[in-house]
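Student: I'd like to go through this one and ask where the labels come from. Can we take it a term at a time?

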Amino acid sequence: MTLHRLAALALAAAPLTMLASAGGCEEKKPTPTTSADDHGHDHNTDDHGHDHSADDHGHDHNAGASHPAPTAGGPGHGGSVIALGEQTIGAFNAKATRDQGEIVAGKDAPIDVTVMPAPGSTAKVAAVRFWIGTEDAKGSVKARAEVENPTDPSRWHTHAEVPSPLPAESRLWVEIEDDKGATTVSSFDLKV
């Protein structure tokens, strides 16, 4: 084969190679971090380990895209959401939801938590982290949530990794860090 013919074949194959590599978003699992503060809290700077430009759940986390407001029975990632409850966590009121479906060990669970200052509080949210499992987070990965839609800055979203094996009595744990660095943790029943 001539050098010109090899070059022509390589040029012809290049677009096919690019298409094959861009064919889908491979979800990456969140990676644990060794960074922890004096209280043993994980300050993972990564959120949940996959590219948000277009993830495998069929929605675009960029370009102003967002989930509809989470309400029991309302739309989530293409389906209904399950209300997990409301409670006060430190200086904040929190309302948690998850997408309807099974909680499966080794998979992830799309979670939304709406965080508002409690009445009379002037605290501001600095970070929100979620994990599924036990309070000590043993075997779990803490995922840093993000505000998915700038027009709804109180709603924090991430895909929390479900540990494998899934401990008995696992719950959704929510850690809220305020603008002064104080963190408070509480949990919600996963309603499985």
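Predicted model: local features only at pLDDT ≥ 70, side-chain atom pairs only at ≥ 80, totals over all residues.

Student: Why is Val162 called buried?

Tutor: Its relative accessible area is 2%. Buried means under 20%, so Val162, at 2%, counts as buried. Across the protein, 40% of the 192 residues get that label.

Student: Where is Val162 found?

Tutor: In the loop between β7 and β8.

Student: Which residues is Val162 in contact with, leaving aside its neighbours within four places in sequence?

Tutor: Ile103, Val104, Ala105, Gly106, Lys107, Asp108, Ala109 and Ile132. Take Val104: Val162 is 58 residues away from it in sequence, yet their C-alpha atoms are 6.5 Å apart.

Student: What makes a contact with Val104, given that 6.5 Å?

Tutor: The 6.5 Å runs C-alpha to C-alpha, whereas contact means heavy atoms within 4.5 Å. Val104 is on the contact list of Val162, so the pair has heavy atoms within 4.5 Å.

Student: Now the largest nonpolar core: which of its residues touch the most other members?

Tutor: Val113, Phe130, Leu172, Val174 and Phe188, out of 24 residues. Strand β3 (108–117) is among the strands that each supply at least two residues, and β3 gives the most, with 4.

Conventions:
Residues numbered from 1 in each chain as written. Heavy atoms only, no water. Buried < 20%, exposed > 50% of the residue type's maximum accessible area, 1.4 Å probe, protein only. Core = buried A, V, L, I, M, F, W, Y, C linked by side-chain atoms within 4.5 Å.
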